[in-house]
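Please keep the sequence and the structure in view while reading.

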Amino acid sequence: MKDAIAKLLKKALKQKKVDLPEEEIASFVEIPPSAELGDYAFPCFFLAERLHDEAAQIAIELREEIGSPPEMFEDIQTKGPYINFFINRNNLARQIIADIAKEKDGFGSVNLGKGKKVVIEHTSINPNASPHVGRARNAVIGDSIVNLMKFFGFKPEIHYYVNDVSKQIAMLVVAGAERLSFDEMLNKYIEIAKKVEKSKTLEKKVFLELQKFENGDKEALKKFEKITKTCLKGQTEILKKIGISYDVFDFESSYIDEARDVLKKLQSKGKLKKDKNGRLYLDQSDTQLKGMMKSPVLVLTRSDGTGLYPLRDLAYTIYKISLSKKNIIVLGEDQKLYFLQLKETLKLLGFDSPEVIHYSFILLNTKKGAKKMSTRKGDVVLLEDFFDDLVAKAKKEIKARKTKGNPETVAIAALKYKILKNSPNKIINFDANEALSFDGDTGPYILYSYARANSILKKSKKAKLNSKLQISKIEIPDLSDKEIELIKKISQFPRVAYDTFITLNPSLIANYSYQLAQIFNEFYHSCQVLGSHEESFRLALVDSFMHALKNSLALLGIETLEEM
RNA sequence: GCCCGGGUAGCUCAGCCUGGAUAGAGCACUAGCCUUCUAAGCUAGGGGUCGCAGGUUCAAAUCCUGUUCCGGGCACCA
């Protein structure tokens, strides 16, 4: 569209003896702040100096040069220093409705992946306790990326890395937690973490337990496995409740042997060094990490010779890359530098590294200000508790309204939207009261607009008829402002979905979903559908809206409700 | 000390990549709207030195530099 405008302008500019390439002209073309100013606009400021005239006057003269607008435009006007282009809205309306009627749930989707496998690792919570909402951010973002990949024709394989070789589990072993249930784990963990912090001898005991596990001591193995299993089961059950599941669970402990091979390979690269305590480390001073760290090294073994986490992580990442070249991982912001270290090490070994999405923490709003959630300190809002609160609230609302609708679906929408509407790199300030709200910029609000739309179609006798009717036969009436806004917003969906895919930033589509729902609600109030003269067209428009919103929410991992 | 994020209305956030018309939403507050398709809604109103200071530009929330505050990280946690 911008190209077409640029073409018109190029011709007009030539008359004024200004010769600019079309691409440059197109780069000036913008979308005006309000619909009254048209659909596209061309600012003339930059021409003022060159033509020794006022920008507003130039706009008028250029407009004259263009002459009568071609068919694709309804009108071309000038407003001050701008030339404003109004596209033919009826054409747009017809086209969008026809596209969606044809593509339905595929509207906006492009088969970029062509069925290619993409390995996505997300969530990967330490198996030590019930997850808090901060951890849930990883899972919710990861799940959205999975949906995004599917939408663009990839075949996602979802991996969950289970950190079963860890100090945390060793601590729980020392605390005798292998007999505990999942619900009891958190308190035990907080208790032992406090004790270990205070006592060096207890910490030694913890590391001894870890060493025993790594060396394959049967007793230790059994205890570690029991705790890991209990935690993993508890965690995945909660995640399943919010509609997030996994294809493969990879256990860190099964990469201990491969880790040794990685160590050997690094040895052969000649970058591996041993410090005076006997630790093996990788010198990274010849990489971008120089200047970013006090000492650019990656420590790979303890002084007792046991491998550290990065070593196994390397082995694991190499394994994932062997599954598919396209790899995505979701990691906390605390792992930014570490991931760069990993990336440089993989590069040294001749491997690509996964695309990474880093997300910031969710802070807890308290009277004293925001503070970080910490499992270790017990300052958390547990995902499960928060979700249960959301479900209870949804049940209450549904009951009050005497409607039907699945409260779990409403709660999932509230939770996921709350997490996804912010850019991953933005810290989320989590306020319990605000998070429980279903008004305004929330998941339930968006679902509600869908349910309302559905209600119209359900009550309509023509809707069924419409679906069989040739879209081309529907008469497009003179469009009201709200109808135009809605059509334009719907038409943006493919672009927004694609941008989300490129940037791996689900907040783009989350914000779009909200704006779309908002415009629909405005349309709903200003335009009666049933029984109106424009009924056929409006029914088709409502149907188009529903598809756009449904596809949009699907990318966020949110299901729509026909009634709520 | 160094590296990476962030600072926009009382609060929570869009907008920044790719500079343009009066800086947008939501919550909270005020006033309206349910005998018409679901009031989880809509309409109207008040509320902003876009952290601060320079610079580039016809034009800066947006780009550049400096500075400040908050978060994350910088050798045996994972």
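Does Phe351 count as buried, exposed or partly exposed? Phe351 counts as partly exposed because it has 15 C-beta neighbours inside 10 Å. The terms are set by the number of other C-beta atoms, placed from the backbone, within 10 Å of a residue's own: 20 or more for buried, 12 or fewer for exposed, and in between for partly exposed.

The model is predicted: local features need pLDDT of at least 70, side-chain atom pairs count only at pLDDT 80 or more, and totals for chains, interfaces and linings use all residues. Residues are numbered from 1 along each chain as its sequence is written, while chains are lettered from A and ligands numbered from 1 in the order in which they are written.

**The chain as a whole**

Chain A contains 21 helices and 14 strands; these are DSSP runs (helices: H or I, at least four residues; strands: E, at least two), numbered from the N terminus. The C-alpha trace of chain A spans about 85 × 65 × 50 Å along its principal axes. Of its 564 residues, 41% count as buried. Contacts in chain A with a separation of 6 or more come to 74% from residues 24 or more positions apart; a contact requires two C-beta atoms, placed from the backbone, to lie within 7 Å.

Phe351 is located in the loop between helix H13 (336-348) and strand E11 (355-359). Leaving aside neighbours within four places in sequence, Phe351 is in contact with Ile318, Ile321 and Leu346. The C-alpha atoms of Phe351 and Ile321 are separated by 8.0 Å, although these residues are 30 residues apart along the chain.

Ser322 belongs to helix H12 (residues 309-323). Ser322 has 10 C-beta neighbours inside 10 Å and therefore counts as exposed. Between the C-alpha atoms of Ser322 and Ala6, 316 residues apart along the chain, the separation is 47 Å.

Helix H8 (residues 182-198) has 17 residues, which should span 24 Å at 1.5 Å a residue; the end C-alpha atoms of H8 are 25 Å apart, which agrees. The expected span is 1.5 Å times one less than the number of residues. Met185, Leu186, Tyr189, Ile192, Ala193 and Val196 of H8 are buried, and their cover includes helix H7 (167-174), H9 and H10.

Helix H9 (residues 200-214) packs against helix H10 (residues 218-241) at an angle of about 100 degrees, and their axes are 8 Å apart. H9 is therefore roughly perpendicular to H10. Axes are lines fitted to C-alpha atoms, for helices over the stretch in contact, and angles run from 0 to 180 degrees between N-to-C directions; those of 65 to 115 degrees count as roughly perpendicular. Glu209, Lys212 and Phe213 in H9 meet Ala220, Leu221 and Phe224 in H10. By class, this contact of H9 with H10 has 4 nonpolar, no polar and 2 charged residues. Ala, Val, Leu, Ile, Met, Phe, Trp, Tyr, Cys and Pro count as nonpolar, Asp, Glu, Lys and Arg as charged, and the others, Gly among them, as polar.

Leu239 lies in helix H10 and counts as buried, with 23 C-beta neighbours inside 10 Å. Not counting residues up to four places away in sequence, Leu239 touches Thr123, Ala139 and Ile244. Thr123 is placed in the loop between strand E4 (117-121) and helix H6 (133-151), and Ser124 is found in the loop between E4 and H6 as well. Most residues other than glycine have a negative phi. The table lists the phi of these two residues.

| Residue | Phi |
|---|---|
| Thr123 | near 70 degrees |
| Ser124 | near 40 degrees |

Thr123 is buried, with 25 other C-beta atoms within 10 Å. Ser124 also counts as buried, with 22 C-beta neighbours inside 10 Å.

**Helix H21**

Helix H21 (residues 535-556) reaches 32 Å from its first C-alpha to its last, close to the 32 Å expected for its 22 residues at 1.5 Å a residue. Because 19 of these 22 residues are buried, H21 is largely enclosed by the rest of the structure. Gly557 follows H21 and has a positive phi, near 80 degrees.

Technical notes. Angles under 35 degrees count as roughly parallel, over 145 as roughly antiparallel, 65 to 115 as roughly perpendicular and the rest as oblique.
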